[in-house]
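Let's walk through this one together, chain by chain. Have the sequence and the 3D view open as you read.

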Amino acid sequence: MITGLVTEFTKLAHATVVRVTSVLIVLGISLICSSMLFAVHTDDPQLAAKLGPLIDPGGWAGYFAVAVQVTGAAGLVGYGVVLSWLFSREFADGTIAGLFAIPVSRRTLAAAKLVVYLTWGAVTAAALLLALILLGLAAGLGPIPADVVPWMGRQFALSLFSIVIATPAAWAATVGRSVLAGIATAIVILVTSQVSVLTGAGGWYPFATPALWAIHSDMAVTPLQLSLIAPVVAAAVALTLQSWKNLQLDR
Amino acid sequence: MADAVDARGLVRTFDDGTGVRGVDIRVAPGEIHALVGLNGAGKSTLMRLLLGMLKPDRGTVAIAGRSLEGADWTTVGHLVDYPLAYGELTCRQNLALGARLHGVAPAAIEGIVDAAIEELHLGQYAGRRAGKLSLGNKQRLGLASALQHSPRFIVLDEPTNTLDPAGVILLREALLRRSDTGAGVFVSSHHLDEVARVADRISVLNAGRIIGTLDPHGIDIERSFFELVHSDDVTA
């Protein structure tokens with residue numbers, strides 16, 4: 001496993017796709033949120049009227065209310081892109097043939113890809129939270145009140161949830177042998193989550209529960225509903241590992 | 001000593017009618033065995049079957065006397081389809097990664113990589129990212145990665161593709177050095193190139209079947225090759 005981890009970490013650390021996506025997730029999301037703060041304090045009353053409700057109740061709490069909404073959508077797509085690329089690039093670059101007939105099993109390599117992805121995702125999530133705090137301070141929100149700390153925790157937790165609920169993209173990218181298959185899966189997860197929330201079934205749709213839980217602090221998402229994420233992610237991981245184990249270069 | 005590879009009765013066909021149909025192939029230790037055949041003859045399919053990249057419909061493969069499930073893959077080096085070269089990594093980083101994946105101990109990697117860079121004359125490109133290399137130099141990198149860990153069984157699918165004449169000679173010499181030390185080499189080509197010409201044995205594959213052998217030291221072996229293939233096509 002160590003060989004797999006070293007291999008995958010080396011590739012990830014040098015990959016332009018990963019660097020660009022990291023910047024987009026950390027700076028993109030935090031700048032979107034902080035720019036809303038500036039926009040509502042603008043002299044333009046129409047713009048302030050339009051954006052004001054989005055950051056209700058204002059201050060740090062409103063700022064993080066926006067952050068969790070943006071993270072729920074943009075974060076999932078961003079993590080899905082990197083995960084899809086990690087698995088599909090071996091097919092696109094033709095390097096998959098070199099991953100056969102070696103003493104490291106493909107199942108181990110796939111597991112290493114997932115571990116490296118989760119680690120990178122957790123670092124990115126922490127960096128995003130830090131960027132949000134720094135930009136909030138720079139925007140003049142002042143000292144962070146104690147009642148905002150739970151919001152910050154929800155924002156970080158939602159990032160972590162987004163990282164794990166993107167895992168079906170790894171399986172799709174493997175089966176489809178294409179980065180587009182993985183990204184499309186991440187987008188389908190996002191869209192179906194939105195639909196499930198609109199139809200009122202979101203609490204029981206594992207891909208929607210993290211965002212529901214994080215965004216609507218007043219809405220009761222039960223621990224049972226949240227726990228449904230675990231078997232879904234476990235199934236996605238198991239299917240991915242099995243697909244890599246059984247892989248054949250037959251197309 | 002067991003054969004580097006011993007495959008018997010291999011069958012794997014595809015929906016479009018291509019594939020291999022009952023192929024027996026042996027490569028002895030210290031032997032260079034060339035496989036020649038026209039495009040679509042089934043060379044790549046056969047090589048993939050030998051390396052576990054495809055599962056046969058029928059037949060068996062043993063590497064150094066062990067089934068593919070129990071094979072010691074640290075003793076195998078291959079380049080099939082594309083080089084194991086990641087565009088974002090330098091030549092040196094790619095070689096280190098390849099050595100690690102082939103089971104080389106971390107402490108030995110640097111020395112092995114240096115030797116591989118020297119053998120395939122990659123010195124001036126050692127610090128260059130693989131994505132910036134020409135196709136020929138990328139192929140050299142892939143060959144270096146396949147050969148650097150001193151494998152006992154080497155499988156190369158059309159390795160001279162994209163190589164310049166100097167690269168072909170480097171490859172030929174590298175294979176001869178390894179066969180001299182007991183490695184079995186199985187190398188394919190769609191024509192009788194410089195590598196096929198140094199083989200100890202040349203098998204001809206046509207329409208998924210071994211249809212005969214050629215004398216590597218014979219006169220006008222290209223003519224013999226085309227006569228074999230033509231005769232088989234007429235018979236079929």
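Predicted model: local features only at pLDDT ≥ 70, side-chain atom pairs only at ≥ 80, totals over all residues.

Now take L31(A), which sits in helix α2 of chain A, residues 16–40. Is it buried or exposed, or something in between? With 14 C-beta neighbours inside 10 Å, L31(A) falls in the partly exposed class.

The UniProt record, an unreviewed entry, lists several stretches of chain A under "transmembrane region", including 20–40, 179–204 and 224–241. How do the last two look in the model? Residues 179–204 of chain A are 77% helix and 0% strand, with 29 Å between the end C-alpha atoms. Residues 224–241 of chain A come out at 94% helix, again with 0% strand, and their end C-alpha atoms lie 27 Å apart.

Over to chain B, which has 6 helices and 10 strands. Its radius of gyration is 18 Å, close to the 18 Å that the globule rule gives for 236 residues, so chain B is as compact as a globular protein of that length. Its C-alpha atoms fill a box of roughly 55 × 40 × 35 Å along the principal axes. Buried residues account for 49% of the 236 in this chain. Of the chain B contacts with a separation of 6 or more, 69% link residues 24 or more positions apart.

One piece of chain B to pick out is an open sheet of 4 strands, with antiparallel pairing and the order β2-β1-β4-β5. In chain B, β2 (19–27) and β5 (66–67) each have a single partner strand, so they stand at the edges with one side left without a neighbour in the sheet. Strand β1 of chain B, residues 5–13, pairs with β2(B) over 7 antiparallel bridges. One of these places to look is T13(B), whose bridge partner in β2(B) is G19(B).

Finally, look inside. The largest nonpolar core has 76 residues, and among those touching the most other members are V5(B), L46(B) and I154(B). Helix α2 of chain B, residues 91–101, gives the most to this core, with 6 residues. Beyond its neighbours within four places in sequence, L46(B) is in contact with L10(B), V20(B), V23(B), I25(B), L35(B) and L205(B). A second, separate core of 65 residues includes L86(A), A125(A), A131(A) and A169(A).

Notes. Residues numbered from 1 in each chain as written. Chains lettered and ligands numbered in written order. Pairing = 2+ DSSP bridges. Helix = DSSP H or I, 4+ residues; strand = E, 2+ residues; numbered from the N terminus. Buried ≥ 20, exposed ≤ 12 C-beta atoms within 10 Å, placed from the backbone. UniProt positions renumbered as here; feature names shortened; annotations may be inferred. Rg over C-alpha atoms; globule rule 2.2 N^0.38 Å. Contact = placed C-beta atoms within 7 Å. Core = buried A, V, L, I, M, F, W, Y, C linked by C-beta atoms within 7 Å.
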